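Please keep the sequence and the structure in view while reading.

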Amino acid sequence: MSTLFTKIINGEIPCYKVAEDENFLAFLDINPNSKGHTLCVPKKEVNKLFELDEATYVALMLFSRKVAFALEKTVPCKRVGTAVIGLEVPHVHVHLIPLNDMKDATFQHKVVMNPEEFSTLAKAIQENL
């Protein structure tokens with residue numbers, strides 16, 4: 001059965017796309033820790049980060065780095081933090097979280113955004129890639 005992220009990758013579920021290439025997709029988290037919280041996922045469905053083959057692992061990190069630089073240009077923050085937890089969806093995903101305070105990294109404090117804010121932000125990040 002396809003994961004939620006595979007359904008997003010296949011266009012079955014909409015997302016606020018930030019970046020995409022032939023192997024990876026980055027989109028805004030719809031339950032963000034902070035404004036700009038982005039998920040980077042491989043298009044190939046793999047459950048755990050360290051189950052990725054080495055080349056895909058490295059390429060995912062390079063793709064995430066590119067997106068993180070665009071985030072820093074777009075969203076005012078002290079830094080972009082990363083997290084790979086994987087308990088929510090059994091599909092590898094790198095969280096890129098604009099951080100201004102430690103609470104932004106806890107997954108216990110969330111920011112509420114409306115669809116227009118998500119769309120505008122996704123386009124702004126795309127422009128900074």
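The expected span of a helix is 1.5 Å times one less than its number of residues, where helices (H or I, at least four residues) and strands (E, at least two) are DSSP runs numbered from the N terminus. The model is predicted, so that local features need pLDDT of at least 70 and side-chain atom pairs count only at pLDDT 80 or more, while totals for chains, interfaces and linings use all residues. Residues are numbered from 1 along each chain as its sequence is written, and side-chain values use heavy atoms, with hydrogens and water left out.

Helix H2 covers residues 54-74, and its 21 residues should span 30 Å at 1.5 Å a residue, which agrees with the 30 Å between its end C-alpha atoms. Seen down the axis of H2, its buried residues fall within an arc of 165° and therefore line one face of the helix, the arc being that of the directions from the helix axis to the C-beta atoms. The table sets out both sides of H2, where buried means under 20% relative accessible area and exposed over 50%, with partly exposed in between (1.4 Å probe, protein chains only).

| Side of H2 | Residues |
|---|---|
| Buried (under 20%) | Thr-56, Leu-60, Phe-63, Ser-64, Val-67, Ala-68, Ala-70, Leu-71, Thr-74 |
| Turned away, exposed (over 50%) | Glu-54, Ala-55, Leu-62, Arg-65, Lys-73 |

What covers the buried residues of H2 includes strand S1 (17-20), strand S4 (79-83) and helix H3 (115-127).

How values were computed:
Contact means heavy atoms within 4.5 Å.
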